[in-house]
Amino acid sequence: MNKVKRVFTPCCAIFALGFVILAIIGGMWYVRRVRPQPTQKMLYQGVEYIRDIRSSPRRMVIHVIKIDLRAEGIRLLVTPGNPEEELPLKARTTSQFLNNFDLQIAINGDGFEPWHSRTFLDYYPHVGDRVAPIGFAASEEITYSQDTDKEPTLYLAINNGARFNAPTSKIYNAISGNLMLLNKGEPIAGLEGSPEPRTAVALDRANRYLIFVVVDGRQPGYSEGATLLELAEIIAYHGGWTAMNLDGGGSSTMVVEGALGADVLNSPINNRIPGRERPVGNHLGVYARLLK
């Protein structure tokens with residue numbers, strides 16, 4: 001049998017060397033990224049953004065948005081779903097949600113199924129794949145997911161009245177989480193968990209301010225994440241009185257409207273790739289007016 005002789009051409013050598021150099025540069029960037037500076041500014045009428053940078057007990061980049069529910073022009077939206085479908089949602093990234101509905105602010109919502117993430121190529125859902133949220137969910141008076149496991153829920157009325165676990169009026173928007181984090185400004189007993197990327201939603205003592213919190217994680221040297229107890233303490237520090245944990249890990253994403261579409265404020269970490277957004281089930285979005 002004739003043997004095929006493989007020729008390693010100079011072009012192959014150059015390609016291989018280039019790949020190695022890119023891998024080295026990428027690795028150095030991954031562990032030596034420059035962290036952003038702390039900031040505090042108004043984004044829209046009644047909407048404030050805070051970037052909280054911490055080095056103890058580990059490196060954390062924390063993103064906080066405070067929304068005055070009484071401010072002119074504020075309106076809330078949970079991702080619409082189809083109650084006639086067994087899997088009522090089509091997965092999309094948080095940026096796509098913001099762009100699709102012309103929102104000004106959005107975060108990822110609660111957990112969903114089916115889901116898996118084994119490798120860069122082997123994961124579910126892709127954009128457009130059908131999923132179901134875990135817990136009660138409603139969008140503009142249409143309930144598309146029932147609560148079967150007594151998950152905590154944030155209810156948002158048409159007049160922006162907001163409350164955890166008990167609607168203030170007819171159900172309008174609702175989104176669930178997997179556990180409560182704060183009660184009367186104090187962390188819930190028994191909070192555990194390793195440092196991870198986190199997303200949470202909270203209300204202040206008067207239920208006037210809706211607070212979004214996202215903590216970046218799984219990015220050594222940049223931001224390593226927060227435990228559930230640390231997340232509760234972070235929320236309390238920023239004025240939260242009651243708070244609920246949303247889907248975290250590779251789902252954690254916070255976006256705002258930019259000149260050319262969605263601007264991602266945090267650093268998502270999907271498939272171990274910093275900046276890569278994960279398609280998720282539902283989201284929580286905000287319409288707001290420009291600053292005067």
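**Figure 1. Residue classes around the largest cavity of the predicted model.** The lining of the largest cavity is made up of five nonpolar, three polar and one charged residues. The model is a predicted one. One cavity of 30 Å³ or more is present in the structure. The space inside the largest cavity comes to about 40 Å³. Its lining consists of Trp115, His116, Ser117, Tyr123, Tyr124, Pro125, Asn270, Arg278 and Pro279. Two elements give two or more residues to this lining, namely β8 (116-117) and β9 (123-124).

**Figure 2. The cis peptide bond between Tyr124 and Pro125.** Tyr124 and Pro125 are joined by a cis peptide bond with omega of about 10°. Pro125 sits in the loop between β9 and β10. Both Tyr124 and Pro125 also belong to the lining of the largest cavity.

**Figure 3. The cis peptide bond between Glu113 and Pro114.** Here the bond from Glu113 to Pro114 is cis, and omega is about 0°. Pro114 falls in the loop between β7 (112-113) and β8.

**Figure 4. The largest pocket.** This pocket has a volume of about 570 Å³. Its lining counts 29 residues, and those closest to the centre of the pocket are Trp115, Arg218, Gly249, Gly250 and Arg278. By class, the lining divides into eight nonpolar, twelve polar and nine charged residues.

**Figure 5. Backbone and exposure of Arg218.** Arg218 is not a glycine, yet its phi is positive, near 60°. The residue is placed in the loop between β19 (209-215) and α3 (228-237).

Figure 6. The volume of the second largest pocket is about 160 Å³. Of the 15 residues that line it, Pro133, Ile134, Gly135, Gln146 and Thr148 lie nearest the centre. Strands β10 (130-133) and β12 (142-145) each contribute at least two residues to this lining. The classes in the lining are five nonpolar, four polar and six charged residues.

**Figure 7. A nonpolar surface patch that includes Ile273.** Phe120, Leu121 and Ile273 make up a nonpolar surface patch of about 310 Å². Ile273 is part of strand β24 (residues 273-274). With a relative accessibility of 32%, Ile273 is classed as partly exposed. Patch members must have over 30% relative accessible area, and Ile273 has 32%.

**Figure 8. Backbone and exposure of Arg272.** Phi of Arg272 is positive, at about 65°, although the residue is not a glycine. Arg272 lies in the loop between β23 (269-270) and β24. Its relative accessibility is 73%, so Arg272 counts as exposed; the cut-off for that class is over 50%.

Technical notes. Residues are numbered from 1 along each chain as its sequence is written. This is a predicted model: local features need pLDDT of at least 70, side-chain atom pairs count only at pLDDT 80 or more; totals for chains, interfaces and linings use all residues. Side-chain values use heavy atoms; hydrogens and water are left out. On a 1 Å grid over the protein atoms alone, a cavity is a set of points where a 1.4 Å probe fits but cannot get out, and a pocket is an open set with protein on both sides within 12 Å along at least five of seven lines; lining residues have an atom within 4 Å of a point. Grid points are joined across faces, edges and corners, and a volume is the space filled by probe spheres set on the points. Helices (H or I, at least four residues) and strands (E, at least two) are DSSP runs, numbered from the N terminus. Ala, Val, Leu, Ile, Met, Phe, Trp, Tyr, Cys and Pro count as nonpolar, Asp, Glu, Lys and Arg as charged, and the others, Gly among them, as polar. Patches are made of residues with over 30% relative accessible area and no salt bridge: like charges are joined within 9 Å, nonpolar side chains (Val, Leu, Ile, Met, Phe, Trp, Tyr) within 5 Å. Accessible areas come from the Shrake-Rupley method with a 1.4 Å probe; for residues, only the protein chains shown count as cover. A salt bridge is a side-chain nitrogen of Lys or Arg within 4 Å of a carboxyl oxygen of Asp or Glu. Buried means under 20% relative accessible area, exposed over 50%, partly exposed in between (1.4 Å probe, protein chains only).
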